[in-house]
Amino acid sequence: MSRSPFVAVNFQPTGALGRVTQDDIIRQMAAEIQAGRLRPNMRLPPVRTLEERFGISKNTVQAAYDELAARGLVESRARLGMFVAAVPEGNVSVPMFQASSAQLRASGLPSVQAVPSDHVRLDMVFIDWKLLPREQIADCMRSVLANPGLRPLYDGQGHAGLRAKIAARLSHRGMDVDPDDVILTGGSQQALDMVARSLQHRVIATENPVYSHARYLFAGLGCQLVPLTLNPFQSIDLAEWEETLRETRPALVYVIPHFQNPTGYSYSTSELERLLELSEELGFAILEDDWGSDMLSGSEFRPTLRALGGSNVLYVNSFTKKLLPSLRLGYIVASKATREALVAAKRLATLGNPEFLEAVLFEFMDRGYYDSHLARMNAELDLRYSACLSVLRETMPPEVRFSLPGGGPTLWLELPSQVNLRQLSERLSAQRIAIQMTHGHFYGKPHLDGFRVGYAYNEPHVMREAVARVAAELRQLVLQGEG
Ligand SMILES: Cc1ncc(COP(=O)(O)O)c(C=O)c1O
């Protein structure tokens with residue numbers, strides 16, 4: 001098969017001594033593709049060509065191409081080379097779909113990679129289906145359906161009774177919440193979408209690494225993103241954050257201050273307070289994503305940004321991780337000033353969400369089932385968390401470090417930098433163990449070399465065995481790296 005010619009691509013260097021950096025390649029090539037100047041199916045320069053032309057290492061070029069591939073912008077075709085990714089089928093010849101295809105490209109949303117069903121899932125952030133109170137949910141569903149007063153309609157803001165229940169629960173955690181400020185959403189993801197759509201000045205700062213689907217969403221909506229470096233093994237460099245925020249002036253800072261996804265990091269109270277001070281001084285809003293609360297009974301009481309900072313902070317959470325992922329039920333706590341715009345954003349998208357399911361959740365809470373479920377679930381999660389820590393301590397090579405979140409569903413396992421994560425993932429996949437590839441979490445070249453381990457999903461003995469296999473593979477890869 002003959003190879004097609006490749007296009008010449010130029011880069012503006014920003015590195016020391018006028019060198020092109022990995023980030024230059026990623027940013028500038030992504031911009032060319034998104035602007036349509038590099039078109040689908042064009043062949044891109046081979047790694048060796050860029051290496052020679054710009055005097056940079058092969059690894060730098062390859063890592064840049066890997067990142068662009070992870071964002072769905074380029075694709076490697078066996079024996080043919082590297083290409084601008086083909087437009088997803090169905091969009092090719094339909095001109096009116098071109099805008100959405102550009103949005104898909106801008107987002108970097110990767111296609112869904114199905115993990116074979118026989119794999120042990122160390123990548124999962126969900127709880128084990130077996131821990132869920134199915135019978136109680138079924139009882140509540142039957143009772144809601146049998147209720148002659150069941151409303152056939154829906155409220156754009158969501159079921160009033162459930163909003164009041166949520167406000168009452170949050171007030172026990174020190175948040176002063178008016179039920180009128182609670183908006184029910186299709187998971188937290190819809191809440192993030194509503195907020196991003198409502199911004200006039202579309203610049204959002206997020207942690208780096210960040211919850212990947214927040215990054216894809218914000219990028220897909222055309223927002224400019226500003227990364228704020230986070231390292232779970234150090235406190236936050238707030239002076240650096242401040243400098244970045246002063247320079248870039250985002251409208252919104254999106255953070256996961258407790259048991260952060262993906263690192264498991266929790267902000268100290270002084271970090272929370274400094275962020276609130278900066279928000280007042282620089283005039284940005286804060287979006288607090290509390291995804292991991294109520295998981296692990298020993299998780300310390302953590303003051304939320306919303307509790308400390310009041311209504312300038314938008315607070316989101318959902319029942320996905322604590323109850324049933326497929327319920328797709330979450331909420332955002334807004335304020336008098338933001339409520340109307342956010343409800344309008346939701347109504348424009350969906351008119352309203354399934355109020356029937358909201359009524360079922362209301363019933364579930366009203367009967368006290370949610371509290372008893374959390375108590376039972378957390379007793380089990382405690383066992384799983386401690387099993388995970390003990391097998392990590394017993395089996396991991398000394399070069400490996402891990403965060404100790406004490407809450408939420410995951411921790412971060414940091415590997416020695418010589419270990420190639422893709423190679424590790426392939427070797428584990430051959431043993432039917434799935435781990436998460438992490439480039440989606442980072443902006444450009446990752447400053448961490450690990451991956452997220454979910455401890456809520458697997459039974460302790462299954463997790464112990466899988467983690468021990470990860471440790472065995474790592475030992476081999478470390479030895480190979482040294483040899
Ligand atoms: C940190 C974080 N926020 C928000 C979400 C969105 O979840 P959902 O829409 O299911 O509530 C997720 C999903 O994994 C997440 O990890």
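By a polar contact I mean a pair of N or O atoms within 3.5 Å. I apply that to a predicted model.

**Entry 1. The ligand**

I began with T320. A polar atom of the T320 side chain sits 2.7 Å from an oxygen atom of the ligand, which is within the 3.5 Å limit. I then looked up S318, where a polar side-chain atom is likewise 2.7 Å from a ligand oxygen. For K321, I noted 3.1 Å between an N or O atom of the side chain and an oxygen atom of the ligand. How much of the ligand's accessible area does the protein cover? On its own the ligand has 390 Å² of accessible area, and the protein covers 92% of that.

I listed the shell next. The ligand is surrounded by 13 residues, and the closest are N261, D289, S318, T320 and R328. By type, the shell has six polar, four nonpolar and three charged residues. Helix α7, residues 187-198, supplies the largest share, with three residues.

R328 is in the loop between β9 (313-318) and β10 (330-333). Its phi is positive, near 50°, and R328 is not a glycine. Is R328 buried, exposed or partly exposed? I have R328 down as partly exposed, because its relative accessible area is 40%, and the class runs between 20% and 50%.

N261 is joined to P262 by a cis peptide bond, with omega about 15°. I placed P262 in the loop between β7 (252-255) and α10 (269-282).

P209 belongs to the loop that runs between β5 (203-208) and α8.

I followed the chain on into α8. This helix spans residues 212-220 and is mostly covered, with eight of its nine residues buried. Among the buried ones I wrote down R215, Y216, L217 and F218. S212 and G220 are also buried. Just after α8 I noted G222, which has a positive phi of about 80°.

**Entry 2. T185**

T185 is part of strand β4, residues 182-185. Why is T185 called buried? Its relative accessibility is 0%, so T185 counts as buried. The T185 side chain reaches the backbone oxygen of G187 at 2.8 Å. Leaving out residues up to four places away in sequence, T185 touches Q190, A191 and M194, and also R328, L329, G330, Y331, I332 and N353.

**Entry 3. H159**

I placed H159 in the loop between α5 (134-146) and α6 (160-172). Its relative accessible area is 15%, so I count H159 as buried, the cut-off being under 20%. Apart from neighbours within four places in sequence, H159 is in contact with L184, E355, E358, A359 and F362.

**Entry 4. The nonpolar cores**

Which residues touch the most other members of the largest nonpolar core? That core has 65 residues, and I listed F319, Y331, M396, L411, L413, L424 and F451 as the ones touching the most other members. Helix α14, residues 369-395, gives the most to this core, with eleven residues. Another core lies apart from it, with 31 residues, including A196, Y254, W291 and L314.

I took M396 for a closer look. Beyond its neighbours within four places in sequence, M396 is in contact with V391, L413, V467, V470, A471, L474 and R475. L413 also stands among the core residues that touch the most other members.

R79 is in the loop between β1 (74-77) and β2 (81-84). Its phi is positive, about 65°, though R79 is not a glycine. I class R79 as exposed because its relative accessibility is 68%, and exposed starts over 50%.

Q476 is in helix α16, residues 460-482. With a relative accessible area of 42%, Q476 is partly exposed. How far is the C-alpha atom of Q476 from that of A341? I have 55 Å between the two C-alpha atoms, with the residues 135 apart along the chain.

How values were computed. Residues are numbered from 1 along each chain as its sequence is written. This is a predicted model: local features need pLDDT of at least 70, side-chain atom pairs count only at pLDDT 80 or more; totals for chains, interfaces and linings use all residues. Side-chain values use heavy atoms; hydrogens and water are left out. A nonpolar core is a set of buried Ala, Val, Leu, Ile, Met, Phe, Trp, Tyr and Cys residues joined through side-chain atoms within 4.5 Å. Buried means under 20% relative accessible area, exposed over 50%, partly exposed in between (1.4 Å probe, protein chains only). Helices (H or I, at least four residues) and strands (E, at least two) are DSSP runs, numbered from the N terminus. Contact means heavy atoms within 4.5 Å. A residue is near a molecule or strand if one of its heavy atoms lies within 4 Å of it. A polar contact is a pair of N or O atoms within 3.5 Å; within protein, one must be able to donate a hydrogen and the other to accept it, and residues adjacent in sequence count only if both atoms are side-chain atoms. Accessible areas come from the Shrake-Rupley method with a 1.4 Å probe; for residues, only the protein chains shown count as cover. Ala, Val, Leu, Ile, Met, Phe, Trp, Tyr, Cys and Pro count as nonpolar, Asp, Glu, Lys and Arg as charged, and the others, Gly among them, as polar.
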